[in-house]
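Work through the exercises below with the sequence and the model at hand. Try each task before you read its solution.

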Amino acid sequence: MPVISQELVHANLSIDQQEVKRRLLSSETLLSDTADHLLEVVGVLESYGEVLDAYSINLIYQAEEQFLNPFPIFKYLDGDLNPAKIWRHLNHDRINFEYAEYCQKAMFWHATGGMDAYLDSQDFADHCQRIIAAKRRRDPLLALLNPLFPGFLPELIRSAATTHALGQFWRVMSDLFLDLAAAERDGRVRSIPEVVAFIKDGLVTAAANPIQYSVMIHGERFWVLPPEAGLTFLVDVAVPYVEAVFLRGTPFLGTVSFNAQAQQISPDQAQFTYGALYADPLPSMGAGIPPSLLMQDMYRHLPETLHQWYLERTRMEGDVRVKICMSFQKSMFCVTNAAINGTMPHPLESSDPEAQAANDAYAEAWSQRLGIARTDCLAA
């Protein structure tokens with residue numbers, strides 16, 4: 001991602017922030033309402049929904065069936081070890097589950113939200129010890145590693161918990177995006193405001209869904225994320241996902257210097273702006289940059305109407321993945337818009353001064369985050 005000069009940021013900051021805040025407080029969508037935007041957003045989210053279905057299945061498979069496996073060489077095959085599938089995998093004729101792991105690692109590393117508060121608790125530590133005690137009885141490698149590195153296995157269990165939670169989150173989002181495409185086809189969704197409202201309603205409906213996770217060890221069930229932890233979909237997974245993947249992300253190799261003396265990467269993770277809403281589509285499609293894998297996955301599942309729309313523009317097939325990246329960015333602004341609307345402290349039509357002040361402060365905080373994102377794509 002290109003380095004943005006602070007002078008340029010400050011020169012444009014107030015205008016962008018004011019407009020973002022105004023739209024949030026007036027119930028306007030961040031993305032302008034045009035027929036092309038509707039085609040792009042619904043089409044790319046339909047493709048994304050198909051991809052997330054595969055991502056969700058694989059992450060849950062890894063967390064449940066490859067739990068504490070020191071050599072998970074078949075983890076991307078979902079337990080299907082037939083020779084034809086292995087051959088396609090080796091020839092890269094497959095979904096890029098590495099991108100799903102990139103998102104999981106971003107969530108795991110940034111560690112925000114209620115789930116991570118639980119993962120820091122004594123209750124989680126106690127569950128880890130019970131799991132390790134059961135697992136090491138028949139696993140000599142783990143029995144050797146645990147006393148030598150007592151923090152290693154709890155960290156792996158914590159990572160598995162994040163993996164399973166992300167799989168549960170993407171299960172909901174996959175169904176939601178595919179339902180959105182169906183709603184657009186049958187005429188229930190006809191504009192960008194209706195897209196945002198549809199996604200918001202889906203998020204609100206799923207908000208209280210419990211996030212739970214258990215594993216089977218030698219025929220006995222052990223809880224990793226137990227029901228009594230009280231973890232739920234929206235607050236404990238969806239919002240941290242937006243924070244980690246849409247906003248913060250991780251620096252991409254080859255786009256910024258990792259040299260500490262160059263000071264191109266902030267030492268404060270909260271100041272990272274490498275997420276989907278900030279990314280330059282061209283570097284994002286560079287070799288070795290994780291979102292390139294997602295664009296390839298979505299390309300394989302593009303609705304024909306959107307594919308034809310891309311072919312009618314600029315370099316036809318030559319830059320189709322960059323076009324997908326740009327459409328995906330617009331769609332993620334819609335998802336973020338829906339999440340903000342769904343978590344606004346009070347109804348926007350409230351006449352109570354305290355409620356209005358709370359909403360104003362909430363919109364202000366988001367405008368500061370989004371004011372330096374790629375808001376140029378919102379009207380493009």
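**Exercise 1.** How many nonpolar, polar and charged residues does the lining of the second largest pocket have?

*Solution.* The model is predicted, so to speak of local features pLDDT of at least 70 is needed, side-chain atom pairs count only at pLDDT 80 or more, and totals for chains, interfaces and linings use all residues. Residues are numbered from 1 along each chain as its sequence is written, and side-chain values use heavy atoms, with hydrogens and water left out.

Step 1: On a 1 Å grid over the protein atoms alone, a pocket is an open set of points with protein on both sides within 12 Å along at least five of seven lines, a cavity is a set where a 1.4 Å probe fits but cannot get out, and lining residues have an atom within 4 Å of a point. Ala, Val, Leu, Ile, Met, Phe, Trp, Tyr, Cys and Pro count as nonpolar, Asp, Glu, Lys and Arg as charged, and the others, Gly among them, as polar.

Step 2: list the lining. It has 21 residues, and Gln62, Gln66, Pro72, Leu156 and Ser159 lie nearest the centre of the pocket.

Step 3: sort by class. The lining has 12 nonpolar, 6 polar and 3 charged residues.

**Exercise 2.** Find which element gives the most to the lining of this pocket.

*Solution.* Step 1: helices are DSSP runs (H or I, at least four residues), as are strands (E, at least two), numbered from the N terminus. Step 2: α2, α4, α7 and α8 each supply at least two lining residues. Step 3: α8 gives the most, with 5 residues.

**Exercise 3.** Describe the largest cavity.

*Solution.* Step 1: about 140 Å³ of space lies in the largest cavity, where a volume is the space filled by probe spheres set on the grid points, which are joined across faces, edges and corners. Step 2: 15 residues line the largest cavity, and Tyr99, Gly275, Ala276, Ala279 and Pro291 are the closest to its centre. Step 3: by class, the lining has 11 nonpolar, 4 polar and no charged residues.

**Exercise 4.** State how strands β1 and β2 are joined.

*Solution.* Step 1: two strands pair if DSSP finds at least two bridges between them. Step 2: 5 bridges join β1 (residues 213–217) to β2 (residues 220–225), and the strands run antiparallel. Step 3: Ser214 has Trp223 in β2 as its bridge partner. Step 4: the hairpin has 2 residues between the strands, and His218 takes a positive phi near 55 degrees.
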